[in-house]
Amino acid sequence: MTHQKTSYSELDRLAELGRLKILDTPPERAFDRVTALATKLLDVPISLVSLVDRDRQWFKAKCGIDAVETPRSWAFCDYAIRQDEIMVVEDARKDNRFKDNPLVAGDPFIRFYAGVPLRSPNGFPLGTLCIIDSKPRSLDAKECEILKDLCDIAADAIWLRDLASRSDAASAEATRSSQVIAEMIEAIPDGFVKYGADRRIEFCNSAFSAFFPWEDGVVAPGALLDDILKYGIERGFYAGAGKRKEDQQAWIEERLYRHGKPGEPFLQETADGRWMRILESRTADGGIVGIRSDVTSQRRHADVLRAMLAAVSTGSTNLQERISRILEIGCEYLELPIGIVSKIEDGNYVVEYAVSPDGGISPGTAFRLDQTYCENVFSGFDPIGFSHVGGGELRTHPCYLATGLESYIGCPVMVSGHRYGTVNFSSPLPRESIQDSDLDLMRYITLLVGSELTRAEAANALELAKAQAEEASQQKSEFLATMSHEIRTPLNGLLGMVDLLLGSALSDEQARLAEIAKHSGSNLLLIINDILDFSRLEGEWLELDDAPLSLMEMIGAVIDNASATARDKNLELIAVMHPSIPDYREGDAARLRQILFNLVGNAVKFTDEGGVAIELLEGATPDRIRFQVRDTGIGIAEHDRETLFDRFTQVDSSISRRFGGTGLGLAISKKLVTLMGGEIGVVSEEGIGSTFYFEVPLTILDGPPQQNRAPKLDGKLVQLAGWGDFSVPLLVWQLEGLGARVVVDSRSAAGGPSAGSARSLDILMVDMDADDASSSRQDGIPDTPDQNKPAMLYCTWQDFHVRPEDQVLPASERTVLRKPLHPRALMGALGGEGSDPGEKQEDLDKPETAPVPGTVVSGTGLNILVAEDNEINQILMLRVLTKLGHQVDLAGDGLEAIEAVRKKQYDVILMDIQMPRMDGLQATRILVEKHPDTRPPIVALTAHALKEHEEEFRGAGIDSYLTKPLDVEKLTEVLNNIRPSAKSGGEIAAVKAGEWDATEC
């Protein structure tokens, strides 16, 4: 027959081998003939039918060898059974799997081996039919077929053997099945009965008969159920049957009706107080099978448990009260007046909880364990009971001699998985007996006590863990705060000295390097400040400093702070606030600015086009303010919003993330808002933008009169010219809030107002940064007498002076407003009080750092490609390497590095790991794949200095790495070990095959 292959686990294969019962059996002619034929037909000295067991291979049949088994670790067959087809080893000495095998190095000196998997009827590979020779040789196709055919014969022999074994087993099973069923039915503790369709008993076990305390033959095969019921009623056996004949007849009819409609179990009470649970089911032959169980103890236990659960579910938090009530109920139901919960440690028995008639046993009372009955209970698992100690072997026990306690039931109690002590009940009076139901009830009581103690212990442990965690968090936060402060102090000094240096006479090169140092130090200071703030918030020792503040001044400062970056990215930046909102408030202005700095800074960082706006709106109540920061940036995916305000969390935390940051800003903001009694959240759509909002209570104050006066624009017509789509609705909302009528130029920024609107125009507000905006100065002014010309409001990022041709307007009607726009500046420009319209804003047009050249070609050293995305690090590497005499090219990310290698040959690549678009590891993998033999050595520049990163770097193909910050001496040492090569780039002389070079800088 054909034995199909099957997928299998080793455990399944071994189970199949065990099921066949073929191991360690005497030789059988069918298998011996197979090995004899294999030896003869294939001209080999040795052939085997080998079965691979867990730790050995055993030979069912063998020819040419005396051994009966070998260790599995020596077995060629262990490899053969893992293959689907024949396995041939022509010369074992040349095969790395077997050249050191004891069967190759020693007797029988195997050189040639061929084996075919021998499969069971269910397709499991049990072993092989194999042939062996001490000389190397091969096996042609015809010989392979012969070996396979012989293996099939051996497999058929296994199948026939299994078939015969199953047939014998089935016959034996059928013979004794009836006997087993009868024995099982007799052994079950519940009563079992089989009624025929005529309601006569066909079979019942002795447990069923024992339920009825009558003479033999009343309840036996052949008895009619009707007669049994009548017999029991006549003798008062059934409770609830009644005294009157008609009641008894009705009871019998109801019982017979239930018998004829079997299904749901029902209870039946006897006159002696027992409860029987009866379950009956119909059989295929029309008869009834019934199970009768004594549930008296379960009913009693249920009553006790209901009482105890009611006692512990009262809501009382007093453990003493709850345990004492459990003991009182246990004393009542067990009819033993003394109840104790003990704790046992180091051979001492200590009363933890106790109830007794006279209160003579108090918690804290201690005994030696060997002086108590609990000595025998504590070491076990089950309850133990004594009904009359004085009448038995324990009458000399120290506890009996000291207390005279005659009856006792005790059980060990487990708390949180460990042995705690005992629960025990006792009495100075003997009892008739201790029933199994009493011991069962004791188990329930002990479980309930253990549960209560476990809950209490867990609550205590949780409280302790909470206290420890809070203490650890406090210590951690204090440490972070201390360290941040200790670092910030010298850093402030360093930045101050750099400022002094910048104020001195420096060459252009010196001034540029000092500016870079100042910028890097300032960034580090920001990070340290974040850490310090977060640690203070975590430690809950940051306090708010409430004081009078102006909302307009605050948001003006915030938006000015972000203006340089927004201007560089050509973003619209604006803040608006409805004039009806009281400006003068009480709150912590510094912390509010910090929150807004974070939100606005993030908005500008993650927005490449469009704009960013701060909106101040009325909150849920008059004293609450809602701040909104809206942008047209990248947006946030829904699954990222859930963790957005967690510490150290960023939307993109991968190694090639585009934006930096500690991930603390939003976490700090959330904690500050919460500390202020407010809420913070975000609404976002990927690719559209985000709106971060927070609402906090800020008490309204009576501010200086001028601070609450907005310009009077009631009914005045204002035209917006040249403004972008982002700013227009915000300006319209702001101006309409001041009472103005607003029209928006429907043409480009270069166009002026329509003729219809120009005649009544009061103010023309022009965005001078729009394309061709300058023409709007004249085109926007209607050709009317001077007294009818509109007032001009020029808004721009640039320094702007009114040209001579604009002098047609009185100076009072020409105003230049520097961007970004915010309520205080805009209201001042429009004539509101409390602000100086001519107030100069901070000059934002600082000279920028000159761009770094991409390539340096001077020098006679190595040809080096530096892949680094950070401009400052590029400058640093360029200058260091150039001074060392090397030629340097720069790549801003992994993609640029790959392109540079394609165009030019390098001696070495210094590869940063964390870069945008493509990181260093990805670039290295591609270079290794595309240029396996010609690529230059790659040295990683990384801040990842942990051991777990070495395997990742090695796996990507990196030859060595340097950790940041850069150490010039270590860099020089690595570069000195690289030999220039005209053909295939450089090679690191110090790194031999199999070595790994990791250098800390």
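What share of the 1001 residues in the chain is buried? I started my notebook there, and buried residues come to 45%. A reminder to myself: this is a predicted model.

**Entry 1: the whole chain.** I counted 28 helices and 39 strands in the chain. Then I looked at contacts between residues at least 6 apart in sequence, and found that 63% of them join residues at least 24 apart.

**Entry 2: the cores.** Next I went looking for nonpolar cores. The largest one holds 71 residues, and the members that touch the most others are Leu551, Phe627, Phe694, Leu735 and Met765. Helix α17, residues 589-605, gives the most to this core, with eight residues. Another core lies apart from it; this one has 31 residues, including Leu334, Cys411, Met442 and Leu448.

I then picked Phe694 and listed its contacts, skipping neighbours within four places in sequence. Among them are Leu592, Ile595, Leu596 and Leu599, along with Phe627, Val673 and Ile680. Arg626 and Glu679 are also in contact with Phe694.

**Entry 3: Asn602.** I stayed with helix α17, where Asn602 has its place.

**Entry 4: helix α10.** This helix covers residues 319-334, and I tested its length. With 16 residues at 1.5 Å a residue it should span 22 Å, and its end C-alpha atoms are 22 Å apart, so the two agree. At its start, a side-chain oxygen of Asn318 comes to within 2.9 Å of the backbone nitrogen of Gln320. Just after the helix, Glu335 has a positive phi of about 60 degrees. The buried residues of α10 include Leu319, Ile323, Ile326, Leu327 and Gly330, and also Arg322 and Ser324.

**Entry 5: Asp133.** My last stop was strand β6, residues 125-133, which holds Asp133. What is the nearest side chain of opposite charge to Asp133? I found Arg137, 4.4 Å away; Asp133 is buried yet has no salt bridge, the cut-off being 4 Å. A polar atom of the Asp133 side chain does lie 3.3 Å from the backbone nitrogen of Lys135. Leaving aside neighbours within four places in sequence, I noted contacts of Asp133 with Pro45, Phe109, Ile110, Arg111 and Phe112.

Notes:
Residues are numbered from 1 along each chain as its sequence is written. This is a predicted model: local features need pLDDT of at least 70, side-chain atom pairs count only at pLDDT 80 or more; totals for chains, interfaces and linings use all residues. Side-chain values use heavy atoms; hydrogens and water are left out. Helices (H or I, at least four residues) and strands (E, at least two) are DSSP runs, numbered from the N terminus. The expected span of a helix is 1.5 Å times one less than its number of residues. Buried means under 20% relative accessible area, exposed over 50%, partly exposed in between (1.4 Å probe, protein chains only). A polar contact is a pair of N or O atoms within 3.5 Å; within protein, one must be able to donate a hydrogen and the other to accept it, and residues adjacent in sequence count only if both atoms are side-chain atoms. Lys and Arg count as positive and Asp and Glu as negative; His and the chain ends are not counted. Contact means heavy atoms within 4.5 Å. A nonpolar core is a set of buried Ala, Val, Leu, Ile, Met, Phe, Trp, Tyr and Cys residues joined through side-chain atoms within 4.5 Å.
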